[in-house]
Amino acid sequence: NPPHLNVHQSACHQTKARKHGQNVIDEALKDNDIGCFVDGSQKEAGISSFALHWMNVNLPHIIRRMEGQWVTAHSAEVRATERAVQLCAALPHLKNKRVTIFSDSLAAVKATLNPRRGTSRGVFELLQCLPNVHLKWTPAHVGLKHNELADSLAKSANDDSTVFHACPDVEDWKTTLKRNTWLIWKDLWNSSKDNSFSPRFA
């Protein structure tokens, strides 16, 4: 396709995604219900952060920093979603209130709803006791105001931000292993004279 056509198609896709996302948000919060927008970000290897941005309730933003070899953007997204569910159960402001947690990571939503995932098992069971709490996916980086604010908050974490201590589970280590294996392969590929290196497994 000509370049101008690709740009037009991309813009149309983004417009449709933004409209869909806004419809999801408006439908969930139509009765002035509470919304919690969560997002995660990786700053560098071994350092990530996440944020919770509340809507229609007087609660402060939450920004947390995560550290560890296993930490990735995905693990930060998952911990943000899990933390939002835990707060919905613990905070008096949210008891018996309808709350929708919005994440732009479909993988994080699926992980939180997976009863077989180690760190999420307790959160999954907690959700079964919270019929007023719902998880919704919204598209990322399409101009949704509160999504973008949560993203900015997650990226604003610095050395002074409170560290969130979390234990890695099997999925976190799997992700780390895949990433490290790819980095090793990339280094071997770049260092081979004719770029002909291919991994061999015994």
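Visitor: Where is Asp33 found?

Guide: Asp33 sits in the loop between α1 (3-28) and β1. Helices (H or I, at least four residues) and strands (E, at least two) are DSSP runs, numbered from the N terminus. One thing before we go on: this is a predicted model, where local features need pLDDT of at least 70, side-chain atom pairs count only at pLDDT 80 or more, and totals for chains, interfaces and linings use all residues. Residues are numbered from 1 along each chain as its sequence is written, and side-chain values use heavy atoms, with hydrogens and water left out.

Visitor: Does Asp33 count as buried or exposed?

Guide: Buried means under 20% relative accessible area, exposed over 50%, and partly exposed in between (1.4 Å probe, protein chains only). Asp33 has 16% relative accessibility, so it counts as buried.

Visitor: And which residues is Asp33 in contact with?

Guide: Contact means heavy atoms within 4.5 Å. Leaving aside neighbours within four places in sequence, Asp33 is in contact with Ala28, Met55, Asn56 and Arg98.

Visitor: Next, the sheet. In what order do the five strands come?

Guide: Two strands pair if DSSP finds at least two bridges between them. Here the order is β3-β2-β1-β4-β5, in an open sheet with mixed pairing. At the edges are β3 and β5 (133-137), each pairing on one side only. β2 and β3 run antiparallel and are joined by six bridges; Ile47 stands opposite Glu67 in β3.

Visitor: Which strands does helix α2 lie across?

Guide: For angles, axes are lines fitted to C-alpha atoms, for helices over the stretch in contact, and the values run from 0 to 180 degrees between N-to-C directions. Helix α2 (residues 73-90) lies across β1, β2, β3, β4 and β5, at about 35° to β2. Then there's α5, which lies across β1, β2 and β3 and runs at about 40° to β1.

Visitor: Which residues of α5 are buried?

Guide: An α-helix has 3.6 residues a turn, so residues three or four places apart point the same way. In α5 (residues 145-155), the buried ones are His146, Asn147, Ala150, Asp151, Leu153 and Ala154. Looking down the axis of α5, they fall within an arc of 160°, so they line one face of the helix. That arc is taken from the directions from the helix axis to the C-beta atoms.

Visitor: How do I read an aromatic pair?

Guide: A pair of aromatic rings is described by the distance of the centres and the angle of the planes. Rings of Phe, Tyr and Trp (its six-membered ring) pair if their centres lie within 6.5 Å; planes under 30 degrees apart count as stacked, over 60 as edge-to-face and the rest as tilted. This structure holds one such pair: Phe37 and Phe102 are stacked, 4.6 Å centre to centre with 20° between the planes. The pair links distant parts of the chain, with Phe37 in strand β1 and Phe102 in strand β4 (residues 99-103), 65 residues apart.

Visitor: Which residues touch the most other members in the largest nonpolar core?

Guide: Nonpolar side chains tend to be buried together in soluble globular proteins. A nonpolar core is a set of buried Ala, Val, Leu, Ile, Met, Phe, Trp, Tyr and Cys residues joined through side-chain atoms within 4.5 Å. The largest has 27 residues, and Leu52, Trp54, Leu94 and Ile101 touch the most other members. Helix α2 gives the most to this core, with six residues.
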